[in-house]
Each structure stands twice: as structure tokens, then as C-alpha cells.
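My entries follow the order in which I checked them.

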Number of protein chains: 2
Amino acid sequence: VTAYEIIRSKREGEELPASAIEFIVRGFVEGSVPDYQMSAFLMAVYFRGMTEAETAALTRVMLDSGIALDLSDIDGVKVDKHSTGGVGDKLSLIVAPAAAAAGVRVPMISGRGLGHTGGTLDKLESIPGMSTSFSPRAFRDLVARVGMAIIGQSPELAPADRRMYALRDVTATVECAPLIVGSILSKKFAAGLDALILDIKVGRGAFMTDLTAARDLGRRLVTTAAQLGLRASGLLTDMESPLGRAVGNALEVAEAVEVLKGGGPPDVREVSLALAGRMLSIGGVAGSAAEGIEAARAVLDRGAALEVFERFVSAQGGDAHICDDPGILPRASLVREVVAKRAGSVAGVDALEIGLATVELGAGRTVVGEEIDPAVGIEIEAPVGAEVAAGEPLALVHANDEGRLAAVLDRVRDAFTLTDRPVAAPRRMLEEIGAPAGDVSPD
Amino acid sequence: VTAYEIIRSKREGEELPASAIEFIVRGFVEGSVPDYQMSAFLMAVYFRGMTEAETAALTRVMLDSGIALDLSDIDGVKVDKHSTGGVGDKLSLIVAPAAAAAGVRVPMISGRGLGHTGGTLDKLESIPGMSTSFSPRAFRDLVARVGMAIIGQSPELAPADRRMYALRDVTATVECAPLIVGSILSKKFAAGLDALILDIKVGRGAFMTDLTAARDLGRRLVTTAAQLGLRASGLLTDMESPLGRAVGNALEVAEAVEVLKGGGPPDVREVSLALAGRMLSIGGVAGSAAEGIEAARAVLDRGAALEVFERFVSAQGGDAHICDDPGILPRASLVREVVAKRAGSVAGVDALEIGLATVELGAGRTVVGEEIDPAVGIEIEAPVGAEVAAGEPLALVHANDEGRLAAVLDRVRDAFTLTDRPVAAPRRMLEEIGAPAGDVSPD
């Protein structure tokens, strides 16, 4: 078999045997399959897709391209949560310590923001002193000692994904479900997990704007994980409007701490409990999602999740005093109100526009490797469902540069849609993925 | 605009502006667009196609990547014939001297065989002493002096095509109509033509096995040529069974000489007249295709085409005595009959199988650059429509190696389908391309 034949076969829509997928991915990583053949193959996959068996084979060979952590000597079930990314998504900072406080171990390997969606590593690094760069061994020790850790991807884990992603990024082959599944799951397997909860975001501020496509991706993730021996399930959650109120790295850390203290925006709390609860049930420390949600609520309300968070921050070099004094976090020098021009109910806050405005302020990246400003961002003062009078604030813009501030004000205002009729708060939890249907609301 | 955006836009099925096509092709030739982006782009084009305007822009930028010959100081209209390739297709060796003898100039840039289809250059080079490698200047002089020349592609002409074709060849993006159009026409324009007649082969032994796809390719070629100022029309011709009787380089040269002497297989003569006649009418030296066919028949019958052929062979260094004494051509040491196992009418001779058997004998290449044996090949003794008794010959296999000979005998026999009912000889001329509908038969 040759790379040419594999490309041609996929181009013709044929199902590839696992050996063919191994041949082309391994050859690409080792250098015997040139990048121009890999990119043609990836584009053919974009158009023809992959079956479940092909996707599992892809994930397996990507995983096998590097080492996999062995966390089996750490007591407890290792469970992670993975989000496909959104605007204002600080859930990992809440869900990981809550689940760890309630009895599972959370070895989380996370990413950086690119484009309008933020990244957990960037958020954590707004905490003074915090590091997210650890060796696989140090990561293992953090999980054993603290019960959780959140670090960046290490070069030893699933190197095929790093090389393939770099090629996909410049050949317009990122937006392809089986390739996304291989990319996500190969890294998750490499982290030594027992189970995984997925948060598939859907809407204007998400990678997937279409419910059908998001549902397909979620099912593929759950199915492929199961085929390779990883328990997985998840939720489709709404990302039409930013999650919670804070968008921007330090602002989101402060909001996560509020939720860990039992407060914070109701939607952030609700989705956090839903995800943490499922981590507990899939990890076997709760008998059902509902019991898991109760357990998660208990660790939030009695401060146990906050305690784990403080230990986690300290263990990774950060200043845990931010929990008592959020003023330690980086603060922007300029804070400007964006006010409503008319009275009304907020019918929509465009998550994509808010995300892009945040990037313009310097909180995110347009290209990989760009410096970011941890302090800047946007606070939503009038979320969906709120009623405002003319002249009342819709949002607060935090900036460190007058020019950038001025440049985003109209964009932020235009992200809000006002209506004369009352509007209900958005339903964040849309569907279960891969678990029996039922009530998905924790409260 | 970036290469990424162009790939993405094509992936989404959008029509690209000419500037985008220029950007990516020129960037690829100059090295600023890496081959992995070009191959992803080509695969996206494979799936999404190109509009007429896009195809014209592609052809134009490929042409502009190199020099174009200027033959305007040579008297007469410069007309070429291009075939998409088949099995037993020796038509260029007949059509070019016939058209030149009847009053147009024929500057033909041709190719080599790859896979089951033969190449005109390989056939010519079976003539002792014959060269097909000339500089653009020497080519121009040959056309001026002899009225025709047939040479290989020079590196100065349409270099984008050579680089793109090399990439398409290893990324399974060869079989794509707009890319084929750009490849063919950019070279034809670079050769300084005024008009072009196309012979689009369709059937088992052709590149296109499907009439609809062949028709689409023919129309695209004619339309794109017209958009760029080149008159073009052509024929769809049948390639289910080998054309004529001879398949193999020296064998085909001998058969071409027979036709130039007024004899030869009727189907070869018929298609030759049809194509040469159209070269004369599109070149303006005949008032219609029918008049052109009459003129072509006249130059064949009075020996004028053969005279041009002899001058052409001599001018390119070959031994023109092959016309009087075909025994000078390379001859295989082994000639074996393949006989019918039963009596019947020949209902089919599978051109693909005959072509592949010829490659097995050494007459063709499986990879670019392979050495070929000019002497070997297959002579069809019982073409479609012939009646045979059991034990009578179906074909003669010419080989220089007992092992290779033995290996193809069954394949050659199995290429013949016999039936009990009478069978008509195949209709070779199927449809006009780009000219008013009408009778396409010259005889």
C-alpha cells in the first residue's frame, strides 16, 4: 500500500482499513509520508468523512505516536472534563476542584485561546506566579498530591496531533469532525484517564454553530472513546451568549472564585454542577448524575471545592490569596461603561462579537504565540433576560489602551439586542450526549 | 488574501476571483506557497470543481508561468491536434503530416506513455535516429521548414504545469476536469497555436470511461480555449477497443505508415480523416469539416501526406527509409499467436486489458522515467466485428522475453469477448464537441 493509494481510496469515499490509517499517520510523523500527501489526505477526509472504525483507528495511531501517562498507581478514578470552547467559559476552574473535592482525580491537560474563544491556561496564568508547564512526572505528582492539576500539552503526549494540527491549521482542514475527535481523544487517552465528560458548546460563540453538527461531534466523541475503552458522556450546552458575566482572563478567574464560594452567575453555577455531577457519576463515586450534582453542590456550598482550588493554585506556584483578595489579580487601567440607548429586555448578547471584541482589547490571540493582556476584557452587566432603562449599563469594558477601548465600544453595544417584550434567561443545558435521556437540569 | 483563505473559500464551494487563482499558482511556482497548501487546494478543487471563469484564470496563470512561443512570423495557420490518450492511438503520426500537406502548419508538443496509454514521443523514438528533444527555436525552425514538428515539452513552456502535475500525480488529484483543462491548454497556448482540434477518447481504454464526463471535459476545453482566444473544437471518439490493429511503439509506427500510404485499418483511416479534416476547416484552409475531410483524403491518396511524414522524420534525425522498408524498425524476437478457443464473432476487445498487457511486455511504463522496449506489443488479428473459427488467431503477441510473453497470454485471450451473433464494427466517432451538430462520418 502507498500513500497515493490511501489518498485515492479516501477520495473515492471508501472505508480505509486501520492499517492504511496507521501507515499514513505514522509515515507522516516519521517523515516518510511528505506533508503534501498528508494535506491532500486531510482534505479528502474533510469531504468524505470517516466511519466510526476509521475514527477509532485514527485516534489509536495518534495516541501511539507518543507516550501515554500511567496514573494507575494513583488512588481513585481519573476523570477529566473537555470543552470544545466558548466565550466566558471558565468552567474548568470550577468543575475540576469541585469534582476533585467530591472524590475523583482530575488530570486535566488544557489549551490556550485562539481566535474568539479563550483558553484555560491563559486564564490560570493571570494568577500571579501560576505555572501550567510541568513534566509528565511532575503532573502525575500534582494529581496524586492535590487531587487535580491543569497543565499544557507536553511534547511527549500525542505528538502526531501537534504535527497534524499545525498542518490542518494552514490547509483549512480544522473544521472536520473525525479529525477533531482524533485530536481531542488522543490527547485525553495520553493523559491516563479512566473517564471523560464532554461539554460540547453550540451557538454563535462556539466552534460549532449548528446543533446537528454539534450533536454529531458529541456522539462521535462518545462512541470513539468507548471503542477505545474510555468511558465518556457529556452535554450539549448553549453558547449563543457569553457564559456568565466575565469575559477576559483575570476577570474570569475572579468569577470562578465567586462560584467556588457558592455565588456567581446562576448559569455558570448550573453548568458547573451539571458537569461536575456527571464527572462523579461516570467516575463511580455517585450513583447517578443527580446524586453527583448533589455531591458537587455540597462541596461548593461547604467550601471544599474552594479549598482544593487554593491547594491547586499554590501547588502550581500561584498566589492563592487571590481567593480572598481578587484585587491581587491584574486589573485594567481603564474601565468604561457601555450603556443602553433605549429601554428594553436583553434578547441576545452575541457571544462571537463579545469574544472578538475581547481579542481586540488584547485578551486573546489572532495567531498562535501572540502575547496577551491578562487584565483586559468585558463584563456583561445586562445578560440575556435582564431589563434595562435607557442609559443603564449593558457592559463594562476593561482596557489598558484608549485606542483599543474606543475601537470596541460600538461593537460591544451592537452585540446586545433589546426588545420590548420580556425575555427568559437562556436555557444552557440542551441535550445529553451518550447517556440515557432525562432531566439535565441540576437545580 | 492568504493561501489559507483561498483554500478555505474553495473548500466552501465559492467561486474564486482570478486574483486568488493567480496568487496561489504563482506563489506555488515561486515557492512562497508551500506544496502542502497547494495539494490541499488541489484536493478541494477535485471536490468542488471550477467555473469557466476560474478555469480560464487557472489556464492563463499557468501559461504566464513560462514563455510562449511566437510563431506569427511563420506563414500559415498553426493548428494542433490533442488526444486525451488511448490504446493503439497512433493518430498524430498520420493527422499531423496530412494536415500539414493540405496547408496548415502543425507545431505539436506531445507526451510520453504512462500506464496503459501510449505516448506519441515513444512511438516516434522507435524510428532509428529519431529525436523529439529540440529547443523552442529549433522547433520553430522545423515547423517553418517542414510544415510540422513533434517534440517533447520544453522546460521553458508552462513550468507551472510540470510542477503542479508532479504534485497531482502523488496526491490523487489528476482526475479532475478543470485541472486537466489548465494542464492541456496552458501547454497548447505556450506552443504558439492559432487553433486546436481535440480528440476526447471515451471508453475502457481511455482516461475517461464515462461519456458524460468525457463530454464535460471536451466542452470545458473548447470553452476555456475560446475564452482565452484560441479556436478549438473536437470529437468524442470511442476507446472501448484498441484503435486499429497495432498496439506497441514500432508496430504502431508501421501501421501509421500503412495509413499514410492509403491503406491500414479502416477505423484508423476514418478517425484520421475526421481529425485532419477538422484541422483544415478550423484553420480556414477548408470551408467546412466535410471539405477538410475531402482535402485530407486527397493528400493521403496521392502520397503527399507520406512525403511530409518522410521529411519530418528526416528533419528530426530519423531514418525515413522505414516508410519503404518497415523491417528497419525494431522487431521483437518472439511472436506468438493467441487463438480462439471457440468459434464466434468478436463482440469486444478490452482496450484496458490490451494496454496493460502491452505494458507488461515492456512497451509502456508503470512509473515516470522507466525504460521501454520499442519492439514489443500486440497485433489484433480479430478486431470487433470479425468472425473467427476455433483455433484461429485473435492476436499476435510480440515479445523479447519468454517469461513476459507467457505472463500475458491469458490476459490477451481474456480481453476478447466472443458471441454467437453477428457483430458490427464499432462506431468510432461519437459526438462533435463545440461545433454544429451534424454527420461526423468522413466516409
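I take a helix to be a DSSP run of H or I with at least four residues, numbered from the N terminus. The model is predicted.

**Helix H3, chain A.** I looked up what comes after H3(A). A:Gly49 follows the helix, and its phi is positive, near 75°. H3 covers residues 35-48 of chain A, 14 residues in total. I read 20 Å from its first C-alpha to its last, close to the 20 Å expected at 1.5 Å a residue. Then I listed its buried residues, among them A:Met38, A:Phe41, A:Leu42 and A:Val45.

**Aromatic pairs.** I found five aromatic pairs over all chains. One of them joins A:Tyr46 and A:Phe47 edge-to-face, with 5.3 Å centre to centre and 80° between the planes. A:Phe47 has 21% relative accessibility, so I log A:Phe47 as partly exposed. The cut-off matters here, because buried means under 20%.

**Charge over ring.** I looked at A:Phe28 and found A:Arg163 over its face, at 4.3 Å from the ring centre. In chain B, the charged end of B:Arg163 sits over the ring of B:Phe28, 4.3 Å from its centre.

How values were computed:
Residues are numbered from 1 along each chain as its sequence is written. Chains are lettered from A and ligands numbered from 1 in the order in which they are written. This is a predicted model: local features need pLDDT of at least 70, side-chain atom pairs count only at pLDDT 80 or more; totals for chains, interfaces and linings use all residues. Side-chain values use heavy atoms; hydrogens and water are left out. Rings of Phe, Tyr and Trp (its six-membered ring) pair if their centres lie within 6.5 Å; planes under 30 degrees apart count as stacked, over 60 as edge-to-face and the rest as tilted. Buried means under 20% relative accessible area, exposed over 50%, partly exposed in between (1.4 Å probe, protein chains only). A charge sits over a ring if NZ of Lys or CZ of Arg is within 6 Å of the ring centre and within 35 degrees of the ring normal. Helices (H or I, at least four residues) and strands (E, at least two) are DSSP runs, numbered from the N terminus. The expected span of a helix is 1.5 Å times one less than its number of residues.
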